[in-house]
2 protein chains.
Amino acid sequence: MTLRFTQNATDGPARAGTIETAHGPIETPVFMPVGTAGTVKAMTADAVRATGANIILGNTYHLMLRPGAERVAALGGLHRMMDWPGPILTDSGGFQVMSLTKLRQMDADGVTFQSHIDGSRHRLTPARSIEIQHLLDATITMALDECTPFPATEEQARESMALSMRWAVQSKAAFVPREGYGLFGIVQGSVFSDLRKISADALTKIGFDGYAIGGLAVGEGQEKMFSVLDATIPYLPAEQARYLMGVGTPDDLIGAVARGVDMFDCVIPTRAGRTARAYTSRGVFNLRNARFAADARPLDADCTCPACARHARAYLHHLFRAEEMLGPMLLTWHNLHYYQQLMRGLRTAIVERRLAAHAAALRAGWEAGDEP
Amino acid sequence: MTLRFTQNATDGPARAGTIETAHGPIETPVFMPVGTAGTVKAMTADAVRATGANIILGNTYHLMLRPGAERVAALGGLHRMMDWPGPILTDSGGFQVMSLTKLRQMDADGVTFQSHIDGSRHRLTPARSIEIQHLLDATITMALDECTPFPATEEQARESMALSMRWAVQSKAAFVPREGYGLFGIVQGSVFSDLRKISADALTKIGFDGYAIGGLAVGEGQEKMFSVLDATIPYLPAEQARYLMGVGTPDDLIGAVARGVDMFDCVIPTRAGRTARAYTSRGVFNLRNARFAADARPLDADCTCPACARHARAYLHHLFRAEEMLGPMLLTWHNLHYYQQLMRGLRTAIVERRLAAHAAALRAGWEAGDEP
């Protein structure tokens with residue numbers, strides 16, 4: 001093992017742990033802000049740190065196209081380029097190739113595609129994906145997989161999963177183990193429990209530093225997502241970290257943490273922040289709404305971020321109405337702060353073995369909604 | 001006098017001073033970042049402070065339309081709304097009414113116009129402008145004037161200036177003196193030296209806490225602008241601050257400081273920052289330029305701002321190419337930092353009576369250009 005995961009406490013299937021990495025420790029359960037193109041949108045690196053985040057995610061697809069993996073390497077790697085000395089996880093690029101490119105051709109060995117930026121042709125194979133992530137200096141590298149489209153028949157899902165398992169072998173073969181760096185495999189199998197078990201077993205046999213659950217949050221709904229977690233997590237080794245990719249809302253995070261997931265990434269807090277939606281202890285608000293125009297109260301009285309500690313809701317409303325960049329900046333900051341605060345709360349609740357009560361209190365706050 | 005200006009040192013006509021205000025002292029010569037609509041674009045208030053700025057400017061025209069002066073007052077004033085407890089100068093709104101609105105009608109008492117935002121009708125008179133600035137809680141209030149269009153005949157300039165002088169009387173009558181707050185008059189007269197003298201004398205007779213020189217940087221060119229300063233400043237009282245409105249480039253600032261100007265505001269550093277143009281000790285760079293794509297050096301080796309201290313030029317180039325918000329954020333920060341550093345350098349040079357040599361060294365750096 002080149003990444004050490006320590007389970008510090010449990011509360012039912014939920015666990016609080018620490019991943020030791022070459023770029024510092026990660027306390028789990030953890031939420032990773034998404035820094036797609038070498039920046040968490042609308043945030044300086046200092047601001048991301050100030051929210052309490054200690055690991056961020058980078059997108060291999062975007063970075064390989066612009067500025068280019070070799071360019072990032074020449075600039076000292078992603079950590080140095082973006083002023084983020086802490087841990088960085090990069091995805092494999094496969095998901096974005098399928099979701100962002102128009103012209104692409106899959107084969108048994110990889111995928112050939114045209115850049116959505118300039119139409120240039122590129123090829124991604126398991127070995128090239130791992131090489132790119134190495135050039136980026138990813139603390140945690142993801143195996144190349146195919147994110148099975150949803151919905152899929154069981155046969156489609158089986159074939160897609162089998163391809164991902166072959167690519168997982170090739171990804172592992174291409175990965176250069178280094179102390180404090182790690183490679184994660186990705187469980188696929190759509191919503192089919194037996195396929196998920198086969199995939200989890202296959203990956204465990206290959207052996208990874210952590211295990212991701214992919215192919216979820218693609219339209220199947222929270223209930224199905226949770227049932228896939230229930231059908232998958234028992235087959236993943238307890239001594240490694242588990243990462244639910246691309247998830248989710250605060251409620252998704254609570255449910256997945258309760259089921260034993262340790263790591264998450266999602267564009268929700270950053271994207272919502274840019275579109276005036278705020279996640280708060282009293283639910284989701286749209287700051288463009290006219291009801292905030294004269295509201296002198298802080299966005300979330302329970303929050304200590306700059307948007308909440310120093311400004312009125314009416315000011316945030318004004319910034320979005322006036323299309324000032326500071327609106328997205330402050331609301332992204334708030335949402336990321338809220339997500340980090342949520343994860344800190346979950347960690348503490350697990351250590352104190354009161355996760356269920358804590359989760360119920362959080363949900364009650366969202367349901368109560370805004371004070372009149 | 002409700003604002004105290006102390007001249008601490010002189011070097012020829014140039015002077016270093018301090019303005020004591022209700023919101024803290026202002027060291028002059030000073031550059032005021034422009035916070036048009038209640039935010040310095042692309043900057044948090046903390047970031048503005050970190051550049052060394054200690055006074056910012058707000059635009060009455062924008063704020064009266066959105067969120068509205070009464071709204072700002074209800075939120076505790078502009079300082080509290082935007083988290084800027086330091087001094088704030090607001091303009092009178094007149095300049096933007098003339099430059100931004102399509103339908104407007106001037107008369108002897110004021111101007112009636114339609115909002116560029118929603119077409120709503122508004123009226124600005126000297127008394128209303130002063131009232132709005134009071135509602136905003138401006139530390140320094142500007143008299144309502146007409147910024148004489150350029151070019152203008154001497155007769156046009158005389159009539160326009162005469163109107164501004166009548167409005168200056170009305171502005172003074174409407175202003176509520178408070179300790180640490182002040183009202184500035186604005187010298188007009190286009191490029192005509194005799195009109196500038198008449199205007200300066202008229203304002204001095206009325207008596208203000210400071211004197212602005214308006215109607216410049218409107219296309220007359222640097223040489224004419226400097227000759228207007230030479231023809232105006234001798235007629236302004238030495239014991240009050242002098243403010244050159246809407247100026248300018250670093251070279252403009254040096255020339256005006258050398259002629260005895262104490263205060264400046266301009267959108268150049270913020271607007272340039274949003275469009276990839278960087279002001280540096282080696283001149284102006286456009287970060288979109290392909291020559292920066294692989295340039296691992298800091299933007300300006302002489303600068304300690306986050307853009308320069310923590311990132312490569314290639315990263316800034318990448319951010320603008322990828323249209324990431326962090327590009328404008330970092331480059332605005334840099335440009336404002338550069339302007340503040342420039343003003344600090346000028347202050348020190350005046351105190352040490354070596355302004356001419358310091359200015360020559362700065363200009364030599366710009367002319368030398370970027371190292372290969």
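This is a predicted model: local features need pLDDT of at least 70, side-chain atom pairs count only at pLDDT 80 or more; totals for chains, interfaces and linings use all residues.
Residues are numbered from 1 along each chain as its sequence is written, chains are lettered from A in the order in which they are written, and side-chain values use heavy atoms, with hydrogens and water left out.

**View 1. Chain A against chain B.** Chain A brings 36 residues to the contact and chain B brings 36, with contact meaning heavy atoms within 4.5 Å.

View 2. Six salt bridges are counted between chain A and chain B (a side-chain nitrogen of Lys or Arg within 4 Å of a carboxyl oxygen of Asp or Glu). One to zoom in on joins the side chains of B:Arg310 and A:Asp46, at 2.6 Å from N to O. On the chain A side, the elements giving two or more residues are α1 (45-50), α4 (77-81), α13 (313-321) and α14 (326-351); helices are DSSP runs of H or I with at least four residues, strands are E runs of at least two, and both are numbered from the N terminus. The top contributor there is α13(A), with five residues.

**View 3. Helix α7 of chain A and its neighbours.** This helix covers residues 154-174, so 21 residues, and spans 30 Å from first C-alpha to last, close to the 30 Å expected at 1.5 Å a residue (1.5 Å times one less than the number of residues). Its buried residues include A:Met161, A:Leu163 and A:Trp167, buried being under 20% relative accessible area with a 1.4 Å probe, protein chains only. The buried set packs against β7 (104-107), β8 (110-114), α6 (126-136), β11 (182-187) and α8 (193-206) of chain A.

**View 4. A:Thr141 and its surroundings.** A:Thr141 sits in strand β10 (residues 140-142) and is buried, at 1% relative accessible area. Leaving out residues up to four places away in sequence, A:Thr141 touches A:Thr90, A:Ile130, A:Gln133, A:Phe175, A:Gly182, A:Leu183 and A:Phe184.

**View 5. B:Gly185 in strand β11.** In chain B, strand β11 (residues 182-187) holds B:Gly185, which is buried with a relative accessible area of 0%. Beyond four places in sequence, B:Gly185 touches B:Ala143, B:Leu203, B:Phe208, B:Gly210, B:Tyr211 and B:Ala212.

Note on methods
Buried means under 20% relative accessible area, exposed over 50%, partly exposed in between (1.4 Å probe, protein chains only).
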